[in-house]
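Here are my notes on the model, point by point. Please read them with the structure open.

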Amino acid sequence: MTTIDSLTDAAPAARAVDVSELPIPPYRGNTVPSIDYEAHPAYGGMFARATFRERLYALNVFLRTFAFVTIRRIVDYDNMPLLTKEAGFSGLNARTALRYVSMYARIRASRAIGTLTGARRPAALANPALLNKIKSDGIVCLTLAPDEIDQIRSVTNPGFAKLDERRANIPVEKRKFDDNVYWCTRSADPEAFATVENIFRRYGIMEAASAYLGRPAGVKHVNAQINDQDLAFWKRVFPDTQLQDPWGSYLHIDATYGMLKCAIYIHDIGPDGGPFCYIRGSQNAKIGWFEGMVRRTNDFSGFSGRRPDARKKFMALPAFLRKKADFGGDLPDNSSDVARLREGHFAATSNYGNCVLFDGNGMHRGGMVNKGERRCLFILLAEI
Ligand SMILES: [Fe+2]
């Protein structure tokens, strides 16, 4: 552990921060691994060449989804208020579309004015070393004090209780990923936001996030999440084949843009408890604008799925569009990329801290619980 003294001129009551030195070397690759899908036994090795009609269909879906991803990017959707029921969202129709177009336009205009006048700028840094760590490694493990974890546990208890209730009413085999997540809202769970914000300010986390993102940033979402050994979403990767599950299963980059995330462990998490894992330094891998959009498009369109019909559609795309943000399950174990990924793969167990700040543009995975249950909070830091 390295103790970093806070520079307290910017943030009030910033605390000394213990940042764990990661025990592994940084990723030696400089790209997201490319995968030869023609040669892959569950893709090109399995399906006949797509017909002209299938290729046309796949391209049509891809282009429409690409347009959707482009619009999300242009409006900076990930840094906009959510289309939630809380915001009065009742479904996508002409009225709500118009309402959000005008709201987004207003926000973009006021941000542009703020930038021009200098009113909109990143926060002053409280902990420069925290920023340097996130810049070099893409992940920083911090240790919040026991009383802070107690506070967080107590203000998020109601959220976890609702989640428990919801999960109890859904049979294990029918539970989807989202059934295990409770989205706190500022109106229903104001204490959850206030507590997290206070603690983050104390450590200079908000300011570091803001400086990293190059814009004002705050706590956009607080999500309670439960994973258990029954939710084995990373197993049986190719359910219709006899292929063994690959080491890289569930390694992915996030589909979101322009935000930092933070996992807070509210209990101890060991190697089998589904710790958050990160390929150290992989946020600096080069992903061009177009490549990033293509990867996200395939995830949004459903072409990244691994059931036979999704794989078939994916293979009907031109080879240069066959890239996924959720790529890990397709990485053959004998690829040279896997050796490099394994070298830089860091499992953030509780030994290294209980508050894991990371850039989702780097390669990561988590929640792969082998034994028991993992209760975790995910905080999204973005411009609000
Ligand atoms: Fe992720």
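How many bridges join β6 to β9, and do they run parallel or antiparallel? Four bridges join them, and the two strands run antiparallel.

This is a predicted model, in which local features need pLDDT of at least 70, side-chain atom pairs count only at pLDDT 80 or more, and totals for chains, interfaces and linings use all residues. Residues are numbered from 1 along each chain as its sequence is written, and side-chain values use heavy atoms, with hydrogens and water left out.

1. Strand β9. Strands here are DSSP runs of E with at least two residues, and helices are runs of H or I with at least four, numbered from the N terminus. Two strands pair if DSSP finds at least two bridges between them. Strand β9 covers residues 355-358.

2. Cover on β9. Both faces of β9 are covered. Cys355 and Leu357 lie on one side, Val356 and Phe358 on the other, and all are buried. Buried means under 20% relative accessible area, exposed over 50%, partly exposed in between (1.4 Å probe, protein chains only). In a regular strand the side chains alternate between the two faces of the sheet.

3. Iron site. The protein donors of the iron ion are His252 (NE2), Asp254 (OD) and His364 (NE2), at 2.1 to 2.2 Å. Donors are N, O and S atoms within 2.8 Å of the metal (3.2 Å for Na, K and Ca); water is not among the atoms, so sites may look incomplete. The spacing along the chain is H-x1-D-x109-H. Asp254 sits in the loop between β5 (218-228) and β6 (260-265), while His364 belongs to strand β10 (residues 364-365), 110 residues apart. Asp254 counts as buried because its relative accessibility is 8%. His364 is buried too, at 3%.

4. Sheet with β10. An open sheet of three strands has the order β8-β7-β10, paired antiparallel. β8 (345-348) and β10 are the edge strands, each pairing on one side only. Strand β7 (residues 276-279) meets β10 over two bridges. Cys277 has Arg365 as its bridge partner in β10.

5. Helix α3. In α3 (residues 128-137), the buried residues are Leu130, Leu131, Lys133, Ile134 and Asp137. They cover an arc of only 160 degrees around the axis (from the directions of the C-beta atoms), so they lie on the same side of α3. Gly138 follows α3, with a positive phi near 80 degrees.
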